[in-house]
Each structure stands twice: as structure tokens, then as C-alpha cells.
Amino acid sequence: MEVQQIREFGTPDVFEAAEVALPQPGPGQIRVRQIASSVNPVDTKLRTAGPAIAPALPAVLGCDVAGEVDAVGDNVRRFAVGDAVYGCAAGLVGRGGAYGEYVVVDAELMAFKPADLGWRETAALPLVTITAWEALVDRARLVPGDHVLIHGGAGGVGHIAIQIAKAQGARVATTVSSADKAAIARRCGADETIHYREESVADYVDRLTEGRGFDVVFDATGGSDIAKSFEAVRVNGQVATIVSQYEADLTPMHTKSLTLHTIFMLTAMLNGVNPAHHAEILTKAGALMAAGQLMPLIDERRFNLGDVGAAHAHLEAGAAIGKVVIDIADEARNA
């Protein structure tokens, strides 16, 4: 089968086409004929730095899987050959990656593809949807009427987070960097938008919450300024972040009695901690899609399997509006 492989860690041009043996599923695994995948910031970090969680070289990257079951290993009861499936189940240490024509994955990480969703949209969803769901539903436990601030509402995780928060009955504000991104956030359901380059935290907290602060703040940007989240949240409120690998002053947590949630959705794959829950999340997300409450934004630029390096470069340049999708099979290329 054809894959896009790296033999060293580095810039996007390390990707190269290769022919490798067709992998065979073991017990509890399924082989998926890949139709589409996507590029997430973690994929670019794995390619660049090769941290301990990266697969061994030569490596195939790509976390998001979307395709049809091609073979089934022993002890798999939920899926059969021909089933349409999706999940975040590949591209880490000890696992094949999604940037190839086939990939073997653990069946318990996978969910059935939403029936009315196209393959490209399906491929865009797994990692970002699980991340947003874990932050807002599993950890913050949003309830109707909660006032939520999402940093980076037009981003890959952020625009999904807006829709999940709205589906939980929350009132949603989000920070954006431009009028165009404000329009995207509003189309996703944001009640209020904040141009963070033009308005201070104190000012928008006064304007939108009468100085009280937000019930929940979710930093979906992957930035390194958690202080703004602490400033924006109310006393006894909750903050969730997708990046916490930096030094920060946690004094405001103490003075406001805050709860901080750090979200690293790859933990289930890396440590085998309740992996079936990811499939449960994606199944529930499918129900939201069927109800018209959730839909990914797809970047308009198209990439095939041979263009994975260009797709990584496009995302890293900050040029993408929405998720960057890789079309692998004809079902995606012709969509």
C-alpha cells in the first residue's frame, strides 16, 4: 500500500511516498481502508520535534481516521467488513498513521460514521471534537444557562467547542482576531464575539458579564497566556486549556478558588485509559450532527495523499480557515 512516510523529524518536506506491506489486524483491531484524514497541530508537532509519543522512524503520521472496515481481527464484535467508521486512533508511538491507504486501529476507539455526513467532514472531526467534548462536557460539565468564554472560536477546536457548548444550552462568547473570524464564530452559534486585539479582558468582562466573570473559560488556542483565562473567569469558576507545557503564575487560581482542567485527548491512546469513551463521544457527536447542531468548517484548499507536506505547511503558516483535510480515496477526492 502507499503511505506518506518520514525518515527523520523536521520541516514539512520530510514527507516522502513509500510502498509498505499491508498491515494485518490483531485481536481487538480492525483494518480501515482510508478515505480521508486531516491535519491537526499535534501532527505537525510530532513531525517537527519527534517527542516520546511519536511513532518510531520510518514513521507514518496522522491521527484522524475515516474510512471503511477492510478486515477484522479476533474478538471484534461491533464492526464488520464494509462498515463506515471514524475515530482518532492512529499516528502515535506503537501505532500506524492515517496518512496511508490503509491503517490498523483499535476497534474500541472507533465509532460508526454519521450517515448523512460527507467523508471530508467526517475526517475533520475526531480529534477536535473529542478535545472540545472532554473540556466542556466531561470536565466542566456545562449546564443550560452557563456563560462560557472560548478563546480562539474560529480555530479547529474552537469552532467545534462553540457548537458543543450551544448544544448543552450555554451562552457562548468567543475571542477572535478579525471581523472575518467573528463572522465564522457567529455562524457556529457564538452569542458574542470579542476582538481581543482591541478590547482588554477587564473591558469585555465588564461588558458581557457586568464584572462578574464567565462561569467557564476554555482556552482552545494552544497559546501560553493562561493569565487571561484566570482574569476572565468568575470566582469559583472553571478554566480548561489544551496546552499547559509552560510556567505560569497560579496565584489567581488560589485567590479565586478556581478549578483548572488540562485536556490532552491523546491520553486514551497513549495509556489505554477508557478508550471506549472516545467512541461514545463520537457517537454522541453524530447525534448532534443529525440534529443540525454540529458541523465542521473545512478549509477550501484541497490536498491529496501526495500533498501531505504541503498540507502541513499550509496549517503551520496560519493560512487555513477551518480544518485541513487530506483526500485519500476517490470518495473524498471526488466530493
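**Exercise 1. Helices lying on a sheet**

Solution. Step 1: the model is predicted, local features need pLDDT of at least 70, side-chain atom pairs count only at pLDDT 80 or more, and totals for chains, interfaces and linings use all residues. Residues are numbered from 1 along each chain as its sequence is written, and side-chain values use heavy atoms, with hydrogens and water left out.

Step 1: helices (H or I, at least four residues) and strands (E, at least two) are DSSP runs, numbered from the N terminus. Axes are lines fitted to C-alpha atoms, for helices over the stretch in contact, and angles run from 0 to 180 degrees between N-to-C directions.

**Exercise 2. Two helix pairs**

Task: at what angle do the axes of H1 and H11 cross, and at what angle do H3 and H10 pack?

Solution. Step 1: helix H1 (residues 41–49) and helix H11 (residues 308–316) have axes that come within 10 Å and cross at roughly 110°. H1 is therefore roughly perpendicular to H11 (angles under 35 degrees count as roughly parallel, over 145 as roughly antiparallel, 65 to 115 as roughly perpendicular and the rest as oblique).

Step 1: list the contact, meaning heavy atoms within 4.5 Å. Pro41, Asp43, Thr44, Arg47 and Thr48 in H1 meet His312, Leu315 and Glu316 in H11. By class, this contact of H1 with H11 has two nonpolar, three polar and three charged residues (Ala, Val, Leu, Ile, Met, Phe, Trp, Tyr, Cys and Pro count as nonpolar, Asp, Glu, Lys and Arg as charged, and the others, Gly among them, as polar).

Step 2: helix H3 (residues 126–139) and helix H10 (residues 276–290) pack at about 95°, with their axes 10 Å apart. H3 and H10 are therefore roughly perpendicular to each other. Residues in the contact include Trp133 of H3 and Leu288 of H10. The contact of H3 with H10 divides into seven nonpolar, three polar and three charged residues.

**Exercise 3. Backbone details**

Task: where does Asn75 lie, and is Asn75 buried or exposed?

Solution. Step 1: Asn75 lies in the loop between S4 and strand S5 (84–88). Its phi is near 70°, a positive value in a residue other than glycine.

Step 1: Asn75 counts as exposed because its relative accessibility is 58% (buried means under 20% relative accessible area, exposed over 50%, partly exposed in between, with a 1.4 Å probe and protein chains only).

Step 2: Asn236, in strand S12 (residues 233–241), also is not a glycine and has a positive phi of about 65°. At 49% relative accessibility, Asn236 counts as partly exposed.
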